[in-house]
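Work through the exercises below with the sequence and the model side by side. Each task is followed by a solution in steps.

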Amino acid sequence: MVATPGEIVSAVVGHTVDTNDASRVFGRMRNFDVNDVLVVEFPTAQTAGRGTGRPWGHLGTEDRRRVRNVLRAVIDDRRPGISEWGACGLCGRRESLRWHEGPSFLRWPDGSPAPVCAECQRVVDRRPEAGTIDQLRVIGVEIATGFAQMYYRAPDEFRLYAETKDCDGNGHALAWDYGDGIREFREVIWADRPSLAPEDRRDEFAQRLRERIDETKREAQQQAETEHASAW
Ligand SMILES: [Zn+2]
């Protein structure tokens with residue numbers, strides 16, 4: 001039976017390790033020299049040059065320490081971190097798994113460049129044609145609400161995080177949470193289009209929309225009845 005990377009790394013470090021993390025540990029410990037010859041890899045019994053009766057018993061303290069260090073680096077890499085350039089200039093998120101250089105025109109109030117978080121960058125990458133702050137706002141609307149439409153223009157009052165009044169660039173724990181304006185804007189979009197709302201709030205917006213439609217129908221009916229009566 002062949003053990004999976006997860007089982008192997010877990011056995012070596014002494015606690016359960018996520019399968020993907022374990023595979024990355026293997027990948028990082030596989031080093032080739034200039035001639036493409038494998039020189040260092042995960043310390044197996046073969047590379048250690050000795051076998052013992054116990055599984056992974058051939059590993060010395062130093063081997064295990066090395067594996068633990070690589071595992072720590074792998075985990076650190078997938079932990080959200082802050083950027084030296086501040087929070088995300090678009091959504092205001094303070095922490096991200098990765099940081100990207102923002103478009104040249106996305107700047108903090110002091111003129112220094114604002115970075116873009118991994119989540120926003122995914123959408124920015126799909127819209128490379130955005131060359132002005134207006135076009136970037138349209139992308140901002142899409143990331144913030146899910147709403148995307150050809151020839152759409154963001155409302156005049158819509159502002160990306162870096163553009164907000166007195167923006168200090170420190171950001172917030174949540175994306176698109178930098179003011180009442182942006183919070184209300186998202187609700188307005190979702191109120192008309194519940195399918196765009198985050199999954200855990202979709203039912204709530206769908207219910208509100210149904211109630212609004214019923215209310216409008218009732219009003220129209222009353223109106224019609226009043227008009228009908230006054231016609232007599
Ligand atoms: Zn962002």
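**Exercise 1.** Which residues of the largest nonpolar core touch the most other members?

Solution. The model is predicted, so local features need pLDDT of at least 70 and side-chain atom pairs count only at pLDDT 80 or more, while totals for chains, interfaces and linings use all residues. Residues are numbered from 1 along each chain as its sequence is written.

Step 1. A residue is buried if 20 or more other C-beta atoms, placed from the backbone, lie within 10 Å of its own, exposed if 12 or fewer, and partly exposed in between. A nonpolar core is a set of buried Ala, Val, Leu, Ile, Met, Phe, Trp, Tyr and Cys residues joined through C-beta atoms within 7 Å.

Step 2. The largest such core has 26 residues, and Cys88, Leu90, Cys91, Cys120 and Tyr161 touch the most other members. At least two residues each come from strand S4 (116-117), helix H5 (118-126), helix H6 (133-145) and helix H7 (180-192); helices (H or I, at least four residues) and strands (E, at least two) are DSSP runs numbered from the N terminus. H6 gives the most, five residues.

Step 3. Leaving out residues up to four places away in sequence, cysteine 120 touches Cys88, Leu90, Cys91 and Ile143, a contact being a pair of C-beta atoms, placed from the backbone, within 7 Å. Another core, of 12 residues, lies apart from the largest one and includes Ile8, Val9, Val17 and Trp56.

**Exercise 2.** Which residues of H4 are buried, and which are exposed on the other side?

Solution. Step 1. Helix H4 (residues 61-77) has 17 residues and should span 24 Å at 1.5 Å a residue; its end C-alpha atoms are 24 Å apart, which agrees. The expected span is 1.5 Å times one less than the number of residues.

Step 2. Val67, Val70, Leu71 and Val74 are the buried residues of H4. They lie on the same side of H4 because they cover an arc of only 100 degrees around the axis, the arc being that of the directions from the helix axis to the C-beta atoms.

Step 3. Thr61, Glu62, Arg65, Asn69, Arg72, Ala73 and Asp76 are exposed on the other side of H4. The cover over the buried residues of H4 includes helix H1 (5-13) and helix H2 (19-28).

**Exercise 3.** Against what do the buried residues of H2 pack?

Solution. Step 1. Ala22, Arg24 and Val25 are buried in H2. Their arc around the axis is only 160 degrees, which puts them on the same side of H2.

Step 2. The buried residues of H2 pack against H1 and H4. Asn20 and Gly27 are exposed on the other side of H2.

Step 3. Arginine 30 lies in the loop between H2 and strand S1 (31-32). Arginine 30 counts as exposed because it has 12 C-beta neighbours inside 10 Å.

**Exercise 4.** What radius of gyration does the protein chain have?

Solution. Step 1. The chain has 28 Å, whereas a compact globule of 232 residues would have a value near 17 Å. The radius is taken over C-alpha atoms, and the globule rule is 2.2 Å times the number of residues to the power 0.38.

Step 2. The C-alpha trace spans about 105 × 45 × 30 Å along its principal axes.

Step 3. Helix H8 (residues 202-230) reaches 42 Å from its first C-alpha to its last. One of the 29 residues of H8 is buried.

Notes:
Contact = placed C-beta atoms within 7 Å.
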